[in-house]
Amino acid sequence: MTVLVAAQQTETPDTLPSRQARLAYRGGQVGSTAGVAPGFVQGNLAILPAEYAGAFHRFCQLNPKPCPIIGMSDVGSPHIPALGADLDIRTDVPRYRVWRDGEVVDEPTDVTKHWRDDLVTFVLGCSFSFEEALLDEGMPIRHIEQNVRVPMYRTNIACGEAGPFAGPMVVSMRPFKPADAIRAVQITSRYPAVHGAPVHLGHPHLIGIKDLAKPDYGDPVPVADDEIPVFWACGVTPQSVINAARLPFAITHSPGLMLVTDLKNRNMAVI
């Protein structure tokens with residue numbers, strides 16, 4: 001896959017590939033962020049009115065696999081300096097989803113006109129971070145090879161409930177040969193802040209997935225006869241929960257089109 005921005009030998013705030021990616025999206029560029037700004041952490045977004053922030057924070061604590069918090073804004077602020085000095089939540093994602101009463105009503109590339117002074121932004125870890133570690137081990141990532149969005153599925157795995165937030169876990173899927181699947185478990189276990197080890201291997205029907213060719217989010221990818229599907233908890237889970245809760249208002253990223261931060265993937269590893 002063509003990378004949006006080439007890595008620099010000497011990185012300054014103005015030459016960071018992550019910042020260059022954000023500037024491109026701020027300027028209107030749209031596309032999957034898989035493989036963009038190698039080495040830098042990407043995040044899922046859940047932007048909620050402050051009255052729901054406490055319950056959602058508790059929901060994330062109860063469900064750390066799909067909802068590992070890596071950043072959180074002050075009320076009303078579109079900035080999270082710890083994730084990027086110039087980062088603007090309103091403009092720096094390729095595409096957003098605006099939700100009203102649990103339904104998507106708009107999918108803009110800029111949410112400035114939807115912004116409110118009572119909003120709190122949660123940034124959740126993304127599996128694109130551990131994909132870098134898999135690629136470093138020479139393991140193929142099918143959706144990157146095919147330049148499509150990772151396939152994601154709603155499951156029958158119930159999340160822990162907090163206030164209005166309840167519903168099924170969403171998972172992302174990557175096919176591997178059995179030996180590589182075992183290695184993938186070992187590698188991704190080192191990255192709990194970006195979903196960690198898989199939640200299921202093989203037999204998608206056991207977690208409520210009827211047809212791998214029909215993902216609920218993202219794009220389908222082929223699974224060869226000598227491969228098994230491997231499923232990781234996914235940061236799109238809040239979108240399933242927002243839908244189930246019929247939340248009056250929320251903003252999220254469009255699945256597969258993430259926020260690129262200035263955090264480094266290598267710092268997400270625990271061992």
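1. The largest cavity has a volume of about 70 Å³, where a cavity is a set of points, on a 1 Å grid over the protein atoms alone, at which a 1.4 Å probe fits but cannot get out, and the volume is the space filled by probe spheres set on the points, which are joined across faces, edges and corners. Of its 15 lining residues (those with an atom within 4 Å of a point), Asn 44, Cys 126, Ser 127, Met 152 and Cys 234 are the closest to the centre.

2. This is a predicted model, in which local features need pLDDT of at least 70 and side-chain atom pairs count only at pLDDT 80 or more, whereas totals for chains, interfaces and linings use all residues. Residues are numbered from 1 along each chain as its sequence is written, and side-chain values use heavy atoms, with hydrogens and water left out.

3. The lining of the largest cavity divides into 8 nonpolar residues, 7 polar and no charged, with Ala, Val, Leu, Ile, Met, Phe, Trp, Tyr, Cys and Pro taken as nonpolar, Asp, Glu, Lys and Arg as charged, and the others, Gly among them, as polar.

4. In H3, Phe 130, Ala 133 and Leu 134 meet Ala 184, Ile 187 and Thr 188 of H5, contact meaning heavy atoms within 4.5 Å and helices being DSSP runs (H or I, at least four residues) numbered from the N terminus. The residues of this contact comprise 5 nonpolar, 1 polar and no charged.

Notes:
1 Å grid on protein atoms, 1.4 Å probe; cavity = no way out; pocket = protein on both sides within 12 Å on 5 of 7 lines; lining within 4 Å. Helix = DSSP H or I, 4+ residues; strand = E, 2+ residues; numbered from the N terminus.
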